[in-house]
Amino acid sequence: MNRVLAIGVVVALACGICIAEEPPKKREKPKYEFPEKYDPDGIGKVYMGREIAHVMGFGAAGWLERKERIKEEDPEKLIKSLDLKEGMVVADVGAGSGYHTFMIAPLVGAKGKVIASDIQQEMLDLVTKKAKDKKVTNVETVKGTETDPKLPAGKVDLILLVDVYHEFKYPFEMTEKMVDALKPGGKLVFVEFKLEDDKVLIKLVHKMSERQVLKEMTAFTEMTHTKTVGTLPWQHVVIFTKKELKK
Ligand SMILES: C[S@@+](CC[C@H](N)C(=O)[O-])C[C@H]1O[C@@H](n2cnc3c(N)ncnc32)[C@H](O)[C@@H]1O
């Protein structure tokens, strides 16, 4: 065996475990379906048995800032459940008017940052204005697309999705990009209105069961379901953690 080949074999053997832990490069993409009969509150497109909801337009941004949210969603409790630390990079995907972005920003501090990603420029403009008014300097806005939140690969500690995932037109493609953006050990957090609870007065296609979230994450084998927080009034918080690569 020549010297270069021998060194290659030794390096490959030494890294054997981490190679074995590499995430699968090719995932089986579930099919999108377009049934003849569907709920008019949705877009007529079905993913893994769930109809996708319409995107909430920027004209309704005021609704995101309503004071009833405190009673219905207990956002303080939600943010506490995320276990945020100084220096973290957090992405608020589908940030809307930045309701949660500005709760997170002081917790990650100047050494960390919050990336507010949305597909509507009008929503991002509201975030930019709020940052200016509040003199907050650790919030960045990023204009995503329907298939890509445009986050930096492997750089994000936590991705927060509050009342957002159920309206992704391309949930599989978005999740692929979000998983790629996470560091090993990073978290993907779904916050959805509980379909299991009839007392949660939200239109059906805007609610998701915990079971459905778990089902839609089955293709992403590098993500482990680590916790569900069920103690918020109307929503559940379903948390997945990206596997660490063994050295
Ligand atoms: C119901 S609002 C929730 C906003 C915010 N998370 C909150 O709880 O206040 C949903 C937001 O998700 C955004 N959105 C929908 N599809 C998206 C996508 N593929 N990528 C990024 N944002 C998206 C919409 O533009 C809208 O601002």
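D83 is found in the loop between α5 (75-81) and β4 (89-93) of this predicted model. Helices (H or I, at least four residues) and strands (E, at least two) are DSSP runs, numbered from the N terminus. Residues are numbered from 1 along each chain as its sequence is written. As the model is predicted, local features need pLDDT of at least 70, side-chain atom pairs count only at pLDDT 80 or more, and totals for chains, interfaces and linings use all residues.

Phi of D83 is positive, near 55°, in a residue other than glycine. Most residues other than glycine have a negative phi. D83 counts as exposed because 12 C-beta neighbours lie inside 10 Å. Here a residue is buried if 20 or more other C-beta atoms lie within 10 Å of its own, exposed if 12 or fewer, and partly exposed in between, with C-beta atoms placed from the backbone. D163 has a positive phi of about 55° and is not a glycine. This residue is found in the loop between β7 (156-162) and α8 (171-181). D163 counts as buried, because it has 24 C-beta neighbours inside 10 Å.

β7 is joined to strand β8 (residues 182-194) by 6 bridges, and the two run parallel. Two strands pair if DSSP finds at least two bridges between them. From β7 the chain crosses through α8 to β8, and this β-α-β crossover is right-handed. The term applies if, with the strands pointing away from the viewer, the path from the first strand over the helix to the second runs clockwise. L161 has F190 in β8 as its bridge partner. β8 also pairs with strand β11 (residues 235-242), in the antiparallel sense, over 7 bridges. There, V191 stands opposite V237 in β11. A further partner of β8 is strand β9 (residues 207-208), paired in the parallel sense over 2 bridges. The bridge partner of F193 in β9 is K207.

The largest nonpolar core has 48 residues. Such a core is a set of buried Ala, Val, Leu, Ile, Met, Phe, Trp, Tyr and Cys residues joined through C-beta atoms within 7 Å. V90, I159, L161, M178 and V189 have the most contacts inside this core. Two or more residues come from each of β4, α6, β5, α7, β7, α8, β8 and β11. β7 gives the most, with 6 residues. Two residues are in contact if their C-beta atoms, placed from the backbone, lie within 7 Å. Leaving aside residues up to four places away in sequence, V90 touches L84, I104, V108, V114, D157, L158 and L160.

Two of the helices contributing to this core, α6 and α7, were examined in turn. Buried residues of α6 (101-108) are T101, I104, A105 and V108. They lie on the same side of α6, because they cover an arc of only 110° around the axis. The arc is that of the directions from the helix axis to the C-beta atoms. An α-helix has 3.6 residues a turn, so residues three or four places apart point the same way. Cover for the buried residues of α6 includes α5, β4, β5, α7 and β6. G109 follows α6, with a positive phi near 65°.

Helix α7 (residues 121-134) has 14 residues. From first C-alpha to last, α7 reaches 20 Å, close to the 20 Å expected at 1.5 Å a residue. The expected span is 1.5 Å times one less than the number of residues. M123, L124, L126, V127 and A131 are the buried residues of α7. Their arc of only 155° around the axis puts them on the same side of α7. The face turned away from this buried side carries the exposed residues Q121, E122, K129, K132 and D133. Among the elements covering the buried residues of α7 are α3 (61-64), α6 (101-108), β5 (113-118) and β6 (139-143). K135 follows α7 and has a positive phi, near 55°.

An open sheet is formed by 3 strands in the order β1-β2-β3, with antiparallel pairing. β1 and β3 (50-53) are the edge strands, each pairing on one side only. 3 bridges join β2 to β3. Y47 stands opposite R50 in β3. P40 lies in the loop between β1 (32-33) and β2 (42-47). P40 is exposed, because 8 other C-beta atoms lie within 10 Å. The C-alpha atoms of P40 and A53 are separated by 9.0 Å, and the two residues are 13 apart along the chain.
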